[in-house]
Amino acid sequence: MIIIGGFLGVVTRTGAIDRAIERSMGALKGREVWMIPILMAVFAAGGTTYGMAEESLAFYGLLIPVMLAARFDAVVAVAVILLGAGVGVLGSTINPFATVIAANAAGVPFTSGLGLRVFILVSGWAICSAYVVRYALKVRADPSRSIVADESTAIAARFASDGHDAQAPLSRTQVLTLIIFAATFGIMIWGVASQGWWMDKMSALFIAASILVGVVGWMGEQKFIDAFMAGAKDLLGVALIIGIARGIVVIMDAGKMTDTILNSGEQALAGLGAVGFINTIFGIEVGLSFLVPSSSGLAVLSMPILAPLADFSAVDRALVVTAYQSANGLVNLINPTFAVVMGALAIGGVPYQRWLKFMWPLLLILTVLIMSSLSLAAALG
């Protein structure tokens with residue numbers, strides 16, 4: 001986790017991701033409504049590959065003025081980033097902070113069940129994009145229908161000038177950085193899926209990729225180390241959470257508490273069948289996600305207990321991993337204990353109650369999507 005944080009820190013220091021977003025917006029000037037699904041796809045890619053969350057907070061100041069200039073409102077900008085990255089996490093494919101950790105704790109390869117997660121990812125992105133586009137067009141046609149119409153003057157005053165040149169091209173260094181960034185995750189998938197790679201080799205890959213980005217960007221030794229250490233520091237808290245959560249599991253195993261819980265869980269879930277079991281697991285993970293918003297922390301805490309229960313119901317453990325990450329991603333779209341949600345709403349000037357009003361129909365739609373996908377997968381074995 002710390003090494004991945006360092007890699008992300010070095011990539012971020014080049015400004016490649018920021019500039020790519022700006023270029024996307026500049027290219028669609030006059031057709032701003034197309035920015036919504038495109039940018040949501042970009043943020044979803046970040047969510048599904050490396051669990052983009054806190055990193056997204058830097059983009060609100062950039063995107064809100066653009067959306068206001070396009071005659072949308074701040075809710076649209078917040079939704080593009082928060083829902084984009086959030087649906088990516090909900091449909092995580094190679095996210096090391098959710099899928100990889102959870103699969104490791106469940107004792108299955110993280111590539112197991114990948115097809116279902118891709119389906120949830122793409123379907124979720126399509127649903128969220130259509131939902132936000134529909135709202136954005138409604139606000140453009142009649143600004144009084146905005147759920148923050150009474151706050152529009154104050155929000156517009158805060159973001160009166162963005163100061164960004166969306167037409168500035170990507171530098172050669174930034175283009176190469178983006179290629180390296182994408183290739184690194186592609187190589188990781190290949191290594192794990194076909195070469196038997198795990199944490200040590202993945203760590204070596206991210207170290208090598210970090211150095212390569214530093215060389216391509218001509219950072220120099222000091223700037224490279226500063227960027228790597230800053231990124232590593234950002235994820236030190238995540239690493240500590242994983243360690244503490246794992247410690248709880250070790251204590252539970254040593255004290256035979258895990259066996260007791262598994263026995264009780266087997267008796268409670270007996271007779272539910274595969275479909276009933278996986279939906280019950282999804283419901284349990286939804287409840288736990290409010291208490292433990294950290295995807296990595298929840299994975300380490302819940303997977304050693306819930307994944308073995310799948311064996312009693314003849315359900316693939318990989319499906320339990322999918323249920324966990326879908327539940328956690330869904331809850332963290334509105335979770336008041338999740339700092340990213342509250343930070344995004346504070347930056348955009350969107351009251352939490354208004355966000356809930358905007359989100360509740362979408363949450364119901366996504367819940368139906370997830371539960372029906374899990375049910376069908378369980379029924380088909």
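Mentor: A contact, or touch, means heavy atoms within 4.5 Å. This is a predicted model, in which local features need pLDDT of at least 70 and side-chain atom pairs count only at pLDDT 80 or more, while totals for chains, interfaces and linings use all residues. Residues are numbered from 1 along each chain as its sequence is written, and side-chain values use heavy atoms, with hydrogens and water left out.

Not counting residues up to four places away in sequence, Cys128 touches Met40, Val87, Leu362 and Leu366. Cys128 and Leu366 are separated by 238 residues in sequence, yet their C-alpha atoms are 8.6 Å apart in space. Cys128 is found in helix H7; helices (H or I, at least four residues) and strands (E, at least two) are DSSP runs, numbered from the N terminus. Cys128 has a relative accessible area of 0% and is therefore buried, where buried means under 20% relative accessible area, exposed over 50% and partly exposed in between, with a 1.4 Å probe and protein chains only.

The wider setting is as follows. The chain has 18 helices and zero strands. Of its 381 residues, 51% count as buried. Among contacts between residues at least 6 apart in sequence, 80% join residues at least 24 apart.

The largest nonpolar core holds 115 residues, and Ile36, Val80, Leu83, Trp355 and Phe358 touch the most other members. Such a core is a set of buried Ala, Val, Leu, Ile, Met, Phe, Trp, Tyr and Cys residues joined through side-chain atoms within 4.5 Å. Helix H5 (residues 74-90) gives the most to this core, namely 13 residues. Trp355 touches Val75, Val78, Ala79, Leu82, Leu83, Leu333, Ile334, Leu345 and Val350, again leaving out residues up to four places away in sequence.

Phe358 also takes part in an aromatic pair. The ring centres of Tyr135 and Phe358 lie 5.1 Å apart and their planes stand at 70 degrees, so the pair is edge-to-face. Rings of Phe, Tyr and Trp (its six-membered ring) pair if their centres lie within 6.5 Å; planes under 30 degrees apart count as stacked, over 60 as edge-to-face and the rest as tilted. This pair links distant parts of the chain, since Tyr135 belongs to helix H7 (residues 114-141) and Phe358 to helix H18 (residues 352-380), 223 residues apart. Both partners are buried: Tyr135 has a relative accessible area of 6%, and Phe358 has one of 4%. The structure holds seven aromatic pairs. Phe7, Tyr50, Phe181 and Phe206 form one aromatic cluster.

Helix H18 also packs against helix H16 (residues 317-331): their axes come within 11 Å and cross at roughly 180 degrees. H16 is therefore roughly antiparallel to H18. Axes are lines fitted to C-alpha atoms, for helices over the stretch in contact, and angles run from 0 to 180 degrees between N-to-C directions. Angles under 35 degrees count as roughly parallel, over 145 as roughly antiparallel, 65 to 115 as roughly perpendicular and the rest as oblique. On the H16 side, the contact is made by Leu319, Thr322, Ala323, Ser326 and Leu330. The residues of H18 in this contact include Leu366, which Cys128 also touches.
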